[in-house]
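Hi everyone, thanks for coming.

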Amino acid sequence: MSPWGLVVAFLIAVAVFLAGWFARRLVDRSKIVSAEELAETIVREAQREAETQKKAAVLEAKDEWYKAKAKFEEDTQQTRTEVDKQERQVERREENLNRKVEFIDKKEQELTKLEGDLRKKDEAVGERSEKLSRLIDEQNERLERIAGMNRDDAKKLLIKNMESDARLDAARMIKDIKDEARRQGAKEAKKVLTLAIQRCAADHVVESTVSVVNLPNDEMKGRIIGREGRNIRAFETATGIDVIVDDTPEAVILSGFDPVRREVARLALERLIADGRIHPGRIEEVVEKVTMELDEQIVELGEEACLDVGIHDLKPELVRLLGRLRYRTSYGQNMLQHSKEVAYLCGLMAGELEFDIAMAKRAGLLHDIGKAVDHTMEGTHAGLGAELARRYGEDDLVVNSIESHHEDVEPTSMIAVLVQAADAVSGARPGARRETLETYIKRLEKLEQIAASFQGVERSYAIQAGREIRIMVQHRKIDDARAEVLASAVARKIEAELKYPGQIKVVVVRETRAIDYAK
């Protein structure tokens, strides 16, 4: 290319560049103008929006302020109402106080007036007392001259007469107090005892002190005795029970002091008879096996008794002793059944009197626990039972209830008294116990002898199977007041000298007969 061509091309290129640059410059300027206009528009819109929100916020704030003002005025009105109410109450109280003050002022004035009157009366009484003392002294001097005795002798005579009158008055008062106490106490006691007895329907079992074992035939007696008596000797040695073989048809008698051993012997002999093999080796084996079974049965009987009564925390040793009572009797009454019955009665009476029912049942169930060991240890069953209960951690209340149920010691709680009452009720129930004819007659004779030992007694009769003693007295020696004293004295002497279940009623009968004859 020629130099001019290059120059022209260069100029054209420069012209194109300049044209592009100017065009670009114009486009950029128009964008800047548009952006500035858009920015001004956005700013104006934002200012308008801000003004709108500002006005809305001001309106909302004014609305909240009006609401708060209305609530404040409402609260203020309620407070003002409460204050007004309290002010009225205070005004009423002030009025009441003012009236009380006025009333007290009047009373003080009246008391002041009464004190003045009393002082005057005291002065008058003092003057009269002095005058009366002078008159009494003068009268005493006159009486001494008339009676011919001094004041000391008259006092002695008067005291003696007053003492006699006081004794009679005291006897009458004692009679009235006892009658009232009996009416009230007997009524409540009868109610509690009646409810307890009605709600307790316990059975009783009467057993003898010997056991009879029936035999299939009389030939069995020879087998029991054995050759030269070796079987019967082995049996008595193993059981500790005497075997009586007499003329009683198809029966032998087992006699022994220990009821548990007697039961072991009975069961063992019945098992030997049923088995048919009777010889010393077999006897020892059967007796040992029956003894183990009976020990288990004794524990089950004790646990069953505890379950029946509702006691679940007795020591195993006491449970075992309790089960042994099943084979112990007193006057023919089964001791385990008697103990359960006493527990029931104690619980029922404790419930009526709002005492501790569980503790009452516990004391009643264990009250005769000493009878399980009294044939092997020295001492009374009450003392032995208390020692056993103390040894195995029973409560002091239970120990005292056992120890005092025959009045060997004083009861320290009302539950101990309930045990005494329940024991008497269970033992005195008709059919519960039995005694021999000789013992029965001796008790009746002793009752009549005790009654006849008092002065003024004409005749006495023991009736109601010894449950009542009626005493006929000489009406000239025993008046109504002394009859009450005599009945109490006879009852105390019977308690001191006789042992008996239940209670004995003492009735003193006094009568005056006027007899004349028409001729």
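Setting aside neighbours within four places in sequence, Ser-413 is in contact with Leu-397, Asn-400 and Ser-401. You'll find Ser-413 in the loop between H11 and helix H12, which covers 414-428. Is Ser-413 buried or exposed? Its relative accessible area is 18%, and the cut-off for buried is under 20%, so Ser-413 counts as buried.

Before I go on, please keep in mind that this is a predicted model. The mean pLDDT of the chain is 80, with 82% of residues at 70 or more. Where is the confidence highest, and where is it lowest? The highest is in helix H11, residues 396-404, at a mean of 91, and the lowest is in helix H2, residues 151-199, at a mean of 62. There are also two stretches to read with care. Over residues 197-208 pLDDT stays under 50, and the model has 30 contacts there beyond four places in sequence. The other stretch is residues 430-435, again under 50, with 24 such contacts.

Back to H11, then. Ser-404 lies in that helix, and Ser-404 is buried, at a relative accessible area of 0%. Beyond its neighbours within four places in sequence, Ser-404 is in contact with Val-409, Glu-410, Pro-411, Ala-416 and Gln-420.

Now let's zoom out. The chain has 519 residues, and 29% of them count as buried. Its secondary structure comes to 14 helices and 8 strands. If you take the contacts with a separation of 6 or more, 61% of them are between residues 24 or more positions apart.

Next, the inside. In soluble globular proteins, nonpolar side chains tend to be buried together. Here, the largest nonpolar core has 65 residues, and those touching the most other members are Ile-224, Phe-235, Leu-254, Leu-269, Leu-314, Leu-322 and Leu-365. Which helix gives the most to this core? That's helix H6, residues 280-309, with 10 residues. There is another core lying apart from it, made of 20 residues, including Leu-447, Ile-450, Ala-462 and Leu-486.

Leaving aside neighbours within four places in sequence, Leu-365 is in contact with Cys-306, Val-309, Ile-311, Leu-314, Leu-322, Ser-339, Lys-340 and Ala-343.

H6 deserves a minute of its own. H6 has 30 residues and spans 43 Å from its first C-alpha to its last, close to the expected 44 Å. Among its buried residues are Arg-282, Ile-283, Val-290, Leu-294, Ala-305, Cys-306 and Val-309. What do the buried residues of H6 pack against? They pack against five helices: H4 (230-239), H5 (259-275), H7 (316-324), H8 (335-353) and H9 (357-366).

Most residues other than glycine have a negative phi. Glu-228 is not a glycine, yet its phi is positive, at about 55°. Glu-228 lies in the loop between H3 and H4, and at 72% relative accessibility Glu-228 counts as exposed. Glu-354 also has a positive phi, near 60°. Glu-354 is in the loop between H8 and H9, and is exposed, with a relative accessible area of 72%.

While we're around H3, take a look at Ile-225, found in that helix, residues 219-225. Ile-225 is partly exposed, at 31% relative accessibility. Its contacts beyond four places in sequence are Arg-230, Asn-231, Ile-232 and Val-245. The C-alpha atoms of Ile-225 and His-279 are 9.7 Å apart, though 54 residues separate the two along the chain.

Last stop, the aromatic rings. How many aromatic pairs turn up in a search of the whole structure? The search finds 1. In that pair, Trp-65 and Tyr-66 have ring centres 5.0 Å apart and planes at 65°, so the arrangement is edge-to-face. Tyr-66 is exposed, at 52% relative accessibility. There's also a charge over a ring to look at: Arg-326 lies over the face of Tyr-327, at 5.6 Å from the ring centre.

Terms used:
Residues numbered from 1 in each chain as written. Heavy atoms only, no water. pLDDT = per-residue confidence, 0-100. Helix = DSSP H or I, 4+ residues; strand = E, 2+ residues; numbered from the N terminus. Contact = heavy atoms within 4.5 Å. Phe/Tyr/Trp six-rings, centres within 6.5 Å; stacked < 30°, edge-to-face > 60°. Buried < 20%, exposed > 50% of the residue type's maximum accessible area, 1.4 Å probe, protein only. Lys NZ or Arg CZ within 6 Å of the ring centre and 35° of its normal. Core = buried A, V, L, I, M, F, W, Y, C linked by side-chain atoms within 4.5 Å. Expected span 1.5 Å × (residues − 1).
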